[in-house]
Protein chains: 2
Amino acid sequence: MTVTIYDVAREANVSMATVSRVVNGNPNVKPTTRKKVLATIEQLGYRPNAVARGLASKKTTTVGAIIPDISSIFFSELARGIEDIATMYKYNVILSNSDQNKDKELTLINTMLEKQVDGILFMGGTITEDHINQFKTANVPVVLAATYDDTKEMASVNIDYEEAAYEATKHLIEKEPNQPAFVTGSEETSINRYKFNGYKRALEEANISFNESLVVEGDYSYDSGIEAVKQIIELQEKPSSIFVVSDEMALGVIHGAQDMGYKVPEDFQVFGFNNTRLATMIRPTLSTVVQPMYDIGAVAMRLLTKYMNKEEVAEKNVVLPHRIEIRDSTL
Amino acid sequence: MTVTIYDVAREANVSMATVSRVVNGNPNVKPTTRKKVLATIEQLGYRPNAVARGLASKKTTTVGAIIPDISSIFFSELARGIEDIATMYKYNVILSNSDQNKDKELTLINTMLEKQVDGILFMGGTITEDHINQFKTANVPVVLAATYDDTKEMASVNIDYEEAAYEATKHLIEKEPNQPAFVTGSEETSINRYKFNGYKRALEEANISFNESLVVEGDYSYDSGIEAVKQIIELQEKPSSIFVVSDEMALGVIHGAQDMGYKVPEDFQVFGFNNTRLATMIRPTLSTVVQPMYDIGAVAMRLLTKYMNKEEVAEKNVVLPHRIEIRDSTL
DNA sequence: ATGAAAGCGCTAACAT
DNA sequence: ATGTTAGCGCTTTCAT
């Protein structure tokens, strides 16, 4: 039924070893026999079985990628970076969504390890000891992308979130020297803590006292941005600017404000984070922190290939450059 | 080094067959021995090798998904539907981007077949004979998602694009009885032809003569929407409404018009397609055709599981319901 | 340059 | 209920 290497060997009057050699491009084959083998491969319609190869060679040329939500504009961009580099290095990727749910994450890691992936790319909110232990049961490399492990034990690719948030906040304060509201995500997520620290540092540096009630927690969605700005507008002392940790939520903030008759940036400056495509798909266009999502994915995958090939790695915790892009949602 | 089923068998004083049975939940195992085996599995840290299992059983519980571009807001939503149902049925998915490039598509199909996927989900613009031939070399089922095969040979999940476009156009015409501009994608893509047919039918039904110059081709991107509207505005006889085949491009059309001082919907009504999250992330909110992307992915994956399980399939060309959502970008 | 043979870790009859 | 035994299709020494 299915054509195997053995069938090809028989038809071509060679041994399976020889067929294996030509399939794998081993130079130790006489051109004539190579040609003969290639011809019968074509004729028989032979297709190598990667599963059998994987069992014999202990390499699957497949990596696993665990991602919170592929339908998010942020992560899908990251995934594209991963995929492109994976393709470039001849790897396939098994992609799975975790919804940042710890149990799912742990299960997924296990499933991927069962499938004998050659490496794992992990994106998530929080890295716990359980995660690290689970990873240690693997004898394959793991790289975190846009994900922080406070212990720095694991290889990772990120930007400097603290500094980026600091710069954004500073920009806001320079225009209007009072405390911007801070619309963030769960404080369980390390990255949000770093962003908060940067925000706080900018305040302290400008001698602006910190008012807890200007910190609002959302879930990164557009709707939660609308909710957040409603809450902010009801405050006794309204801020004159709002720093939002994701672009999508920032769009919600802008539209929420506009829908209630406020003007951006005149009544509220709004600063986003990530520079997703959304940032220019709104009026006023969104000032935001440029986080190179695609590059983070690409670099993370590249780093993983180095580990998989047992190459030397100069820096296991890669920090990619970020910058601030000022558009029309700020003064 | 790695613990195998054989190690577990030896330690637990049973045969590998018994270990295999407990691992696979076969009921023909005495509770006591099951317990014993489970204990030594735990103790030894045994993890089943899915590659070996795949080779022996000829099933990998992995499916392949070929998608034009995972970073697109449209396809990433579709992918999420696929992933969720795949997870529900215990499949993993190898996801790869094709950029709608025929060679890449053909290569990807081949690679996935080499990896012995149990089925393939395909999303793309054009299905050629080469595609169909390539699929035929597979002895695994294939399902098309949001993709048309004019021969109807292949299983697929879609909506009725012709009818949907007809309804949208009709709505526009009812408000303003003249020809709307039509901003579309490549006419090589069958789906665009169906949409065009629906648009045309609505015109004919209303006895509106068709002017070719009101048809503009874009590439679905925001920027190409901006370009398209620029081109439309330069026309001798400007239309009073614009039907755009993708939401993202429709946002470009709206902002392009607004940036030039026009009002939506007063100067131009704008109608989108897909109802991606973007549709409510703009002011005015976008009237659009609701295409259930997530459901298309989910239903396609479900259909694939049926084929993989050799279940009876009532309808191989599934047409999901669509509807029109009127928001503020139309009168 | 080519071949022979031993696995890789598991499933699936078949036997008991 | 449990064990025995062939493979699954390939890679990889080791010979020649």
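**Cavities and interface**

Author: The largest cavity holds about 80 Å³ of space. A cavity is a set of points on a 1 Å grid over the protein atoms alone where a 1.4 Å probe fits but cannot get out, and its volume is the space filled by probe spheres set on the points, which are joined across faces, edges and corners. This is a predicted model, in which local features need pLDDT of at least 70 and side-chain atom pairs count only at pLDDT 80 or more, while totals for chains, interfaces and linings use all residues. Residues are numbered from 1 along each chain as its sequence is written, chains are lettered from A in the order in which they are written, and side-chain values use heavy atoms, with hydrogens and water left out.

Reader: Which residues line the largest cavity?

Author: Lining residues have an atom within 4 Å of a point. Here they are A:Thr147, A:Tyr148, A:Asp149, A:Lys152, A:Met154, A:Ser156, A:Asn158, A:Asn317, A:Val318 and A:Val319. Strands E5 (155-159) and E11 (317-320) of chain A each give two or more residues to this lining; strands are DSSP runs (E, at least two residues), numbered from the N terminus. E11(A) gives the most, with 3 residues.

Reader: How much space lies in the second largest cavity, and which element gives the most to its lining?

Author: The second largest cavity has about 70 Å³ of space. E11(B) gives the most to its lining, with 3 residues. Among the residues that line this cavity are B:Leu144, B:Tyr148 and B:Lys152.

Reader: How many residues does each chain bring to the contact, and what area do the chains bury between them?

Author: Contact means heavy atoms within 4.5 Å, and buried area is the accessible area (1.4 Å probe) that two parts lose on being put together, summed over both. Chain A and chain B contribute 53 residues each to the contact. Between them they bury about 4400 Å², 49% of it on carbon and sulfur atoms. On the chain B side, B:Arg47, B:Arg80 and B:Met281 supply 17% of the area buried against chain A, more than any other three residues.

Reader: How many salt bridges does the rule find across the interface?

Author: A salt bridge places a side-chain nitrogen of Lys or Arg within 4 Å of a carboxyl oxygen of Asp or Glu. The rule finds 8 across the interface of chain B and chain A. A:Asp259 forms a salt bridge with B:Arg283, with the closest N and O atoms 2.8 Å apart.

Methods: On a 1 Å grid over the protein atoms alone, a cavity is a set of points where a 1.4 Å probe fits but cannot get out, and a pocket is an open set with protein on both sides within 12 Å along at least five of seven lines; lining residues have an atom within 4 Å of a point. Helices (H or I, at least four residues) and strands (E, at least two) are DSSP runs, numbered from the N terminus.
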